[in-house]
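Take a look at the model below. Keep the sequence beside it as you read.

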Amino acid sequence: MNLITVEDLSVSYGANTVLKHVNMGVEPGEIVTIVGPNGSGKTSLLRAIIGATKPSAGQVKRKPGLKIGYVPQKLHIDPTLPITVERFMRLTHRASKKDCKTALDTAGVPDLLKRQMSQLSGGQFQRVMLARALINRPEILLLDEATQGLDQPGSAAFYRQIEDVRRETGCAIIMISHELHVVMSASDRVICLNGHVCCEGSPAVVASAPEYRALFGTGTGGALALYRHDHDHNHDHHHGKDSQEAAE
Amino acid sequence: MLDDFMTRATLAGVGVAFAAAPLGCFVVWRRMAYFGDATAHAAILGIALSLTFQISVFTGALAVALLMALTVTLLAGRGYAMDTLLGVMAHSALAFGLVAVSFLSGVRIDLMAYLFGDILAVSRSDLAVIWGGAALVVVLIAWRWSQLLTATLNEELAYASGFDPKREQLILTIALAITVAVAIKVVGVLLIAAMLIIPAAAARSLARSPETMALIAAAIGATSAVAGLRAAYVFDTPAGPSIVCVAAILFAFFSLIGWQRHSRS
């Protein structure tokens, strides 16, 4: 049985339709990566899944009583707000000190319990957010561009951590990314999104799919592919400039 | 004991400080300082209306403050930035309020008493309203504490945990309107925002968690009220502003300590 089923989902902001007729599902223990250029509706899809955005059509079905762990794209803590890692871990769920420690171990940042959130490095901060999401032992983890602001070795290490988390806890994972090459290796399934589902399947299948190449190009030939994409990949919305940025 | 006007004034000041402290922390964390100011300015219209219709000043101020807070919350994100909306609403409410007051012929109104507060004239029934309102605000915030904190940090995190951050914002807004209404008598319209922000800001450098920051802010606010009133009595200075002066001095003092500790570590 699917943990989450998205059925014929459309999302609009005013007259602007960002998602059209999206169908997808996530099974227990599966790592699904959603890739797509900026403005392709990745974040809107995730927001619809957690219930932050109301669908204009279709629906999102969750398994009853599904426990979700959410790692937001960016979390700004105002400098006037003092908060230790331990307190942050207990933000939405009661947890013992031992649970906090275990979650921090799983996320690869032990010994940070007493530190102020404001003193953490970017990598530590992301891992603490991951640990917080793990604390109620979720059946599914949602990560929205969780490696933004990390350098490439940093984000590669973060994704390895995600694989470890899945191995240790067995939870399913949905992540959003535009760092394709880094994410691909860690995923069971990739969904290529551009307002609608362009293509989906195993990383190898998607990487060789013409729709995917049209969006992202193939390695060094990317610029050429993008050029072609603008002309013969015909959707009724504009994304030429955005996909160029994503490919860089 | 309540027969002494100084005792009543002190109790009123401490009551307002208790409500303002935890609320003030959220005002500081969410950068809503201007919201407090604007709600307070709008309350002048409420005072004018309540004098016209001869209802209690507290009720009138509360009604207008609530109305403004709700309108701004509703309109936000529909074409105008929040601070623009607040500016329009607050100053037009203030202007309409002042104009309305000028029509009240025959009744001599001491507007100054509402701009700067008249804590020494607090009656027993005022005291009941102040402590009742303050208790309501403290209970409201304590009840929603963890949700308010989550919504303050990240909206999506709130949705993912299964509650609506907009509702939490509304709760804060309502608490703010109540606090403004009960604090008018104590520090007046112009200095309410000071009671919200200064104790919370002063507590920042001493606190290591959100909860301790709220508690320290309450202590600093209460100390300011007691010491400020004492100073006003001894030096024969206006009471409301004296309270705010003490709070400001405490802010400067604790900030200096904080910086020193920071630079040493």
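Predicted model: local features only at pLDDT ≥ 70, side-chain atom pairs only at ≥ 80, totals over all residues.

Residues are numbered from 1 along each chain as its sequence is written, and chains are lettered from A and ligands numbered from 1 in the order in which they are written.

Start with chain A. It holds 10 helices and nine strands. Helices (H or I, at least four residues) and strands (E, at least two) are DSSP runs, numbered from the N terminus. Of the 248 residues in chain A, 44% are buried. A residue is buried if 20 or more other C-beta atoms lie within 10 Å of its own, exposed if 12 or fewer, and partly exposed in between; C-beta atoms are placed from the backbone. Two residues are in contact if their C-beta atoms, placed from the backbone, lie within 7 Å. Among contacts in chain A with a separation of 6 or more, 67% join residues 24 or more positions apart.

Now find strand β3 of chain A, residues 31-35. Five of its five residues are buried, so the rest of the structure largely encloses β3(A). In a regular strand, side chains alternate between the two faces of the sheet. Here A:Ile31, A:Thr33 and A:Val35 point one way, and A:Val32 and A:Ile34 point the other way.

Which strands pair with β3(A)? Strands pair if DSSP finds at least two bridges between them. One partner is β7(A), residues 172-177, parallel over five bridges. There, A:Ile31 has A:Ile173 as its bridge partner. Another is β8(A), residues 189-193, parallel over four bridges. In β8(A), A:Cys192 stands opposite A:Val35.

Next, turn to where the chains meet. Chain A gives 18 residues to the contact and chain B gives 19. On the chain A side, α1 (42-50) and β5 (68-71) each give two or more residues. That side has 11 nonpolar, four polar and three charged residues. Ala, Val, Leu, Ile, Met, Phe, Trp, Tyr, Cys and Pro count as nonpolar, Asp, Glu, Lys and Arg as charged, and the others, Gly among them, as polar.

Finish with helix α1 of chain B, residues 5-29. Of its 25 residues, 20 are buried. Just after α1(B), B:Arg31 takes a positive phi of about 55°.
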